[in-house]
Amino acid sequence: MYLVANIETEICAATSCKLCTQYCPEANTILYDNAAGEDKGFKYGAAYVAVDRCKGCAQCVWVCDNMAKHNAIKMEMIDQIGETALTENVTYGEKTSSAVLANPVRGQM
Amino acid sequence: MSLDYVKFTPGFGKFMPKEYRDMVEHGPFGKKVSVSQVGTFKEILEEHPMCAGCAMTLFIRLAIVAFPNPEDTITVGTAGCGRLAISQAAIPFVYGNYGDQNGVASGLTRGLRLRFGDKPKDVVVMAGDGGMADIGFAQTLHSWFRKEKFTTIMLDNEVYGNTGGQESGMTNKNQVLKMAPLGKKFEKMDMLGMAKVSGCAYVATVVPNNPRRVESVIKKAVLVAREIGPSYIQAYTSCNIEYAIPTDKVMEDAKTVETDRYKFSEYITDEAKEYLSQLYGYKEYLPKPAAAVEKR
């Protein structure tokens with residue numbers, strides 16, 4: 001098993017700095033959902049990780065902790081992360097994207 | 001070389017892979033996108049075999065987002081790490097045999113101008129420090145002296161990272177590497193100085209720890225190369241393998257190096273300033289109003 005980045009939606013949706021989306025070396029990996037915080041009453045959307053693209057470098061963790069100072073991203077084992085975003089479940093819309101969450105090991109049930 | 005080449009053949013769209021459909025329907029082709037919007041549209045660059053946490057990958061990703069007209073852009077590269085990512089983008093990539101990239105780009109630029117006339121078709125060379133300052137040095141310099149109108153971007157990781165860590169002309173003096181155990185004996189080559197002397201109209205140094213600055217210099221360099229003359233960007237893109245930088249410290253290293261010896265610099269000729277301000281609205285290059293004469 002290996003580590004991938006996981007973003008805490010509650011912390012991310014309270015700030016909307018979007019730095020991790022800009023600093024990830026992998027394209028189409030850290031994505032942004034404008035509506036992610038809506039149902040929980042947050043002002044902004046939140047970033048999320050398509051974990052099948054994540055190489056586990058943790059650059060986003062450094063950026064979130066040291067540049068943004070939000071501490072919203074943690075590295076977690078792929079089999080312990082729970083339901084998360086996968087590239088095949090990502091949908092792009094008008095200036096946003098969203099994902100149906102699925103188990104990264106088993107896929108969408 | 002137009003918006004047409006990214007569209008589906010009628011009736012075939014439903015058979016295309018999801019990622020291709022996303023690219024056509026939600027990619028940046030024909031739209032104006034910026035680095036601050038990444039994550040909300042399908043990027044041109046796709047999965048690639050570059051190392052985890054590679055700063056060069058980040059720079060390439062940002063550079064491709066910054067292309068002013070991706071549907072009218074061709075990239076040219078050569079052997080080295082960078083081409084492993086550049087060739088995985090949904091825009092045409094031409095592989096120049098080792099060191100030939102600026103010669104290939106010269107012919108390509110001229111051919112495109114003959115074929116398409118004034119309609120801008122951008123040629124962007126992205127190659128490493130070895131391919132550009134060592135093996136391709138003559139072709140790089142000559143393309144600048146000939147005032148070939150394309151953009152040259154050096155992905156400067158200060159080492160031959162792809163072949164085990166040999167020193168390049170861009171490695172710093174005294175730097176010890178796996179394949180340079182006694183340390184490099186001479187100074188880092190002044191490619192910026194040579195770019196200015198040989199007539200580049202826009203020259204900049206940049207480090208990818210400031211994505212919006214990367215976007216800004218790439219856009220300016222590509223636009224200047226359309227009409228005014230050659231442009232050159234030298235980007236510090238550390239090799240975290242050969243320089244043993246932990247992947248989560250790559251941006252910290254970039255910040256330190258930028259402060260220490262790779263400060264942002266920009267050189268632009270008066271002609272290029274006038275062109276950018278008049279055609280593309282770059283206010284920072286508008287002539288400053290003359291100071292009012294003080295009455296006595």
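Arg53(A) and Glu47(B) form a salt bridge in which the closest N and O atoms are 3.5 Å apart, a salt bridge being a side-chain nitrogen of Lys or Arg within 4 Å of a carboxyl oxygen of Asp or Glu. The model is predicted, and local features need pLDDT of at least 70, side-chain atom pairs count only at pLDDT 80 or more, while totals for chains, interfaces and linings use all residues. Residues are numbered from 1 along each chain as its sequence is written, chains are lettered from A and ligands numbered from 1 in the order in which they are written, and side-chain values use heavy atoms, with hydrogens and water left out.

### The interface of chain B and chain A

The pair of Arg53(A) and Glu47(B) belongs to a network of salt bridges that links Arg53(A), Glu19(B), Lys42(B), Glu46(B) and Glu47(B). Across the interface of the two chains, the rule finds 3 salt bridges. On the side of chain B that touches chain A, the elements giving two or more residues are α1 (18–26), α2 (55–66), α8 (211–227) and α9 (250–260) of chain B; helices (H or I, at least four residues) and strands (E, at least two) are DSSP runs, numbered from the N terminus.

The contact, meaning heavy atoms within 4.5 Å, takes 36 residues from chain B and 29 residues from chain A. Together the chains bury about 2,600 Å², 51% of it on carbon and sulfur atoms, where buried area is the accessible area (1.4 Å probe) that two parts lose on being put together, summed over both. Between chain B and chain A, the count of residue pairs in polar contact is 19, both residues being at pLDDT 80 or more; a polar contact is a pair of N or O atoms within 3.5 Å, and within protein one must be able to donate a hydrogen and the other to accept it, while residues adjacent in sequence count only if both atoms are side-chain atoms.

Over all chains the structure holds 20 salt bridges. Side chains of opposite charge can pair when their charged atoms come close.

| Pair | Closest N to O distance |
|---|---|
| Asp122(B) and Arg226(B) | 2.8 Å |
| Glu187(B) and Lys173(B) | 4.0 Å |

Asp122(B) forms its salt bridge with Arg226(B). Asp122(B) lies in strand β3 and Arg226(B) in helix α8 of chain B, so the pair ties together parts that are 104 residues apart in sequence. Both Asp122(B) and Arg226(B) are buried, that is, under 20% relative accessible area, whereas exposed means over 50% and partly exposed in between (1.4 Å probe, protein chains only).

Glu158(B) is buried, with a relative accessible area of 1%, while Arg261(B), at 36%, counts as partly exposed. The backbone of Glu158(B) has a phi near 60 degrees, a positive value in a residue other than glycine.

Lys95(A), although not a glycine, has a positive phi of about 55 degrees. Lys95(A) lies in the loop between β5 (90–93) and β6 (96–99) of chain A and counts as exposed at 55% relative accessibility.

### Helix α4 of chain B

At 1.5 Å a residue, the 16 residues of helix α4 (residues 101–116) of chain B should span 22 Å, and the end C-alpha atoms are 22 Å apart, which agrees; the expected span is 1.5 Å times one less than the number of residues. Within α4(B), Gln101(B), Asn102(B), Ala105(B), Ser106(B), Thr109(B) and Leu112(B) are buried. These residues cover an arc of only 140 degrees around the axis, which puts them on the same side of α4(B), the arc being that of the directions from the helix axis to the C-beta atoms. On the other side of α4(B), Leu114(B) and Arg115(B) are exposed. The buried residues pack against β1 (73–77), β3 (122–128), α5 (129–134), α6 (137–145) and β4 (151–156) of chain B. Just after α4(B), Gly117(B) takes a positive phi of about 65 degrees.
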